Every structure is written in structure tokens, then in C-alpha cells.
Amino acid sequence: MINQFSRTQLLYGKRAMDHLASCRVAIFGIGGVGGYVAEALARSGIGALDLIDHDRVSLTNINRQIIATHKTIGMYKVDVAEQRIADINPDCNVRTYKVFYLPETENQFHMKEYDYVVDAIDTVTGKLAIIQNAKNAGVPVISSMGAGNKTNPSLFKIADIYETSVCPLAKVMRKECRNRGIDSLKVVYSEEKPIRPIQDRNENSTDSCTPLTEAEEIPAGKRSIPGSTAFVPSVAGLIIAGEIVNDLTRPFL
């Protein structure tokens, strides 16, 4: 029987597609990476998605976030994603949560009800809480490392956190995971050296798009706005979605 997933079923088979339809995946962070994860999973036949993000779409999201258009500015990201998923796969059960995942909000979520968990947020405290709670529940989790200040999507890799290099966020996460006794973590990361964003010329800055030195990668006590493109975070998100689908269908192939 022809349906919207017929072409996918040619690769994975009916048993695998039936399994995907029975799975629930939680995506924490519906931004440049997480938005593409959500859409790709909906287009792959995942039966249920939990979307967690407190942000609203802003003008500066339009350059890279699949949910961001001039029509969606001001709307909650999870609401926009839910509407898109309903148009793609009306049978997908979507639950939305307008919260940031932090230690004080983690009790709203029961990790054991998920078949897979996606960490696509950018705060280290929240990432660690997601990862630790998913691990404690015995649920597979995949985490996105830094996608900002990069322009080469071909340099993304899937690896264990302890096998990563170059990425400043991965460096922090390696240390924090080790401190917490987390012995493994699947991540998507880039080996591209982060680029120094070009500063506003009104600031009379001489900075240019040159790689940051190690000392400059994470300025102490300062959070700068990263540069980004349409083709870097999207690739990270699609890689994550592909890894989830392949992991969930592997027993049926």
C-alpha cells in the first residue's frame, strides 16, 4: 500500500517501519539542530515526538532554523514544529513543553517512556542533566556538540565523547562527563576549528574570520553570540536523525 513512507520502507522493510511508528523520541532543543532532527524523524515515520524548548522564533533564527520564517516570528518554536509535523505525518503524536530543561524542571520528564533522547541544547548544565537522567533510565541518548562559528558541514562526525577533538564544547563535556562517572556518550561533533566572528565595523574592530586560539575558544565569564549558517546546524541535525533511525531499526534489518 502506497503511503508517505513507501520510499523509506523500500530501504528498511515493513517490520522496521512498524517499529518506528511505535517509538517515542524526546528532542530537547528545537533550534538550528533540533528543528531538523524533529522534521527528519517525522518524515521517517517516528510515531511520537516530545518537543522541549521555551524559546520563540526570532528574526535572527531565519538564517538557519527550519521552523523560522517571517510568518512564524514570535511563535513558540515547539508550536511551529508541531504544526509542521501535523502536515507531514498527521498520525505522529506530538507533545510540546514550553520549558528549558534544567535540574529544577527535570522532574517533568520521565526518561523511561522514551525510546531515544536527543540533546540539542546549548547549556552545559542542562546537557549534563539530560544525559545523566537518560543514562540512569537506560535510554539511548545522542548529544549535539558545538555547531556555531563553523562553515564546513563535511567535518561532522559521530563518535564517543572521549574520542572527540577540536570542538570547545566537547572539551568541556568530556571533563564534566568524566567527573560524573559517565563512561560513554554518543555525540555528533565537528573537527572544524571555530572561526572568530567578524565584529560590527562600528566598533572599529580589526577582527576577521580567523580560527580562534585555544585560549580564546571559551572566554571566561563571557558568552559571545556565535555566527552560524543554514548548512552547518542542519547537517548536524540530519546526522542525528539518521543515527536514531538506524539504531532503532537495526534489530529488524
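**Cysteines, cores and a β-α-β unit**

At a relative accessibility of 1%, C167 counts as buried. The model in which this residue is placed is a predicted one. The cysteine sulfur closest to that of C167 belongs to C177 and lies 12 Å away, which is too far for a bond. C23 is likewise buried, with a relative accessible area of 1%. For C23 the closest cysteine sulfur is in C92, at 11 Å, and this distance is also too far for a bond. The structure as a whole holds zero disulfides.

The nonpolar interior may be considered next. In soluble globular proteins, nonpolar side chains tend to be buried together. Here the largest nonpolar core comprises 42 residues, and the members with the most contacts inside it are V25, I27, L41, L49, L51, V118 and I244. At least two residues of this core come from each of α2 (14–21), β1 (24–28), α3 (34–43), β2, α4, β4 (116–119) and α7 (233–249). The greatest contribution is that of α7, which supplies six residues. The surroundings of L41 illustrate the packing: apart from neighbours within four places in sequence, L41 is in contact with V25, I27, I46, L49, A241, I244 and V245. There is also a second, separate core, made up of 30 residues, and M111, A134, V141 and M145 are among them.

Strand β2 (residues 48–52) runs parallel to strand β3 (residues 93–97), and five bridges join the two. Within this pairing, A48 stands opposite N93 of β3. Together with helix α4 (residues 77–88), these strands make a β-α-β unit, and its hand is right-handed.

N149 is not a glycine, yet its phi is positive, at about 60 degrees. This residue is found in the loop that links β5 (141–144) and β6 (156–160). Is N149 buried or exposed? Its relative accessible area is 16%, so N149 is buried, the limit for that class being under 20%. V166, also not a glycine, has a positive phi of about 70 degrees. V166 lies in the loop between β6 and α6 (168–179). With 36% relative accessibility, V166 counts as partly exposed.

Note on methods: Residues numbered from 1 in each chain as written. Predicted model: local features only at pLDDT ≥ 70, side-chain atom pairs only at ≥ 80, totals over all residues. Heavy atoms only, no water. Pairing = 2+ DSSP bridges. Helix = DSSP H or I, 4+ residues; strand = E, 2+ residues; numbered from the N terminus. Right-handed = clockwise from strand over helix to strand, strands pointing away. Core = buried A, V, L, I, M, F, W, Y, C linked by side-chain atoms within 4.5 Å. Buried < 20%, exposed > 50% of the residue type's maximum accessible area, 1.4 Å probe, protein only. Contact = heavy atoms within 4.5 Å. Disulfide = S-S within 2.5 Å.
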